[in-house]
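User: Please examine one part of this structure closely, for a reader who is new to it. I would like a connected account of how that part is packed and what surrounds it.

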Amino acid sequence: MTLAKNKPTAISAGLRSSIDALLHMERYDLVLAAKAGGLRVQQLRDDLGRPHVRAFMRQQKQLQLEQICQQNPSALARIRDSSANANAAVNSCRTLESMLEASTSETSRPARREAGLVIIIGARPPEPEPRLAGARTVIEAGARDVSVPDEADEAFLGGAEVAPTSK
């Protein structure tokens, strides 16, 4: 038993007929669409504002576009075979080939990856070599390293004396 909040809202036959009429009209006419479904115009306008009706209408529109696009190869083949314009024939051949390539790649692509945890049983993979975070140290010509005392420092300080430590 499904809960009422999870149950899909039904769309009446009259509303379906009105939506079908809207999708097949050359000019959008709400009055004619309402008459086709046997609805009042205000009722059709209110129904078209509901989310489940808009979702159904989008689904029907997508279905209609897919049906129309299924006829593209035959229309392109007619242009290729009967057009006096050589450019139109060449462009239709190119379009047909790209449609074939897209269709082939669409059906042969790998399955969509889902989120989850992957456990690899076997040898431990080699650890990646750590990268240094900072920039490399570059010593310029003529620069002095102050951490290493040289003869001039010892002469200035009075020799290499070690200071007595206090206890």
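Analyst: **A helix and its surroundings**

Apart from residues up to four places away in sequence, Gln64 touches Leu23 and His24, where contact means heavy atoms within 4.5 Å. The model is predicted, so local features need pLDDT of at least 70 and side-chain atom pairs count only at pLDDT 80 or more, whereas totals for chains, interfaces and linings use all residues. Residues are numbered from 1 along each chain as its sequence is written, and side-chain values use heavy atoms, with hydrogens and water left out.

Gln64 lies in helix H4; helices are DSSP runs of H or I with at least four residues, numbered from the N terminus. With a relative accessible area of 18%, Gln64 is buried. The term buried means under 20% relative accessible area, exposed means over 50%, and partly exposed lies in between, for a 1.4 Å probe and protein chains only.

Helix H1 (residues 13-23) packs against helix H4 (residues 51-69) at an angle of about 45°, with the axes 11 Å apart. H1 is therefore oblique to H4. Axes are lines fitted to C-alpha atoms, for helices over the stretch in contact, and angles run from 0 to 180 degrees between N-to-C directions. Angles under 35 degrees count as roughly parallel, over 145 as roughly antiparallel, 65 to 115 as roughly perpendicular and the rest as oblique.

On the H1 side, Leu15, Arg16, Ile19, Leu22 and Leu23 take part; in H4 they meet Val53, Phe56, Met57, Gln60, Lys61 and Gln64. By class, this contact of H1 with H4 has 7 nonpolar, 2 polar and 2 charged residues. Here Ala, Val, Leu, Ile, Met, Phe, Trp, Tyr, Cys and Pro count as nonpolar, Asp, Glu, Lys and Arg as charged, and the others, Gly among them, as polar.

H1 also packs against H3: their axes come within 11 Å and cross at roughly 85°. H1 and H3 are therefore roughly perpendicular to each other. Leu15, Ser18, Ile19 and Leu22 of H1 meet Leu44, Asp47 and Leu48 of H3. The residues of this contact divide into 5 nonpolar, 1 polar and 1 charged.

Ser18 is found in H1 and, at 0% relative accessibility, counts as buried. Leaving out residues up to four places away in sequence, Ser18 touches Ala33, Ala34, Gly37, Leu39 and Leu44. Ile19, with neighbours within four places set aside, is in contact with Leu48, Val53, Phe56 and Met57.

Burial extends along H1: Gly14, Leu15, Ser18, Ile19, Ala21, Leu22 and Leu23 are buried. The cover over these buried residues includes H2, H3 and H4.

The largest nonpolar core has 14 residues, and those with the most contacts inside it are Leu15, Ile19, Leu44 and Leu48. H1, helix H2 (30-37), helix H3 (41-48) and H4 each supply at least two residues of this core, and H1 gives the largest share, 5 residues. Such a core is a set of buried Ala, Val, Leu, Ile, Met, Phe, Trp, Tyr and Cys residues joined through side-chain atoms within 4.5 Å. In soluble globular proteins, nonpolar side chains tend to be buried together.
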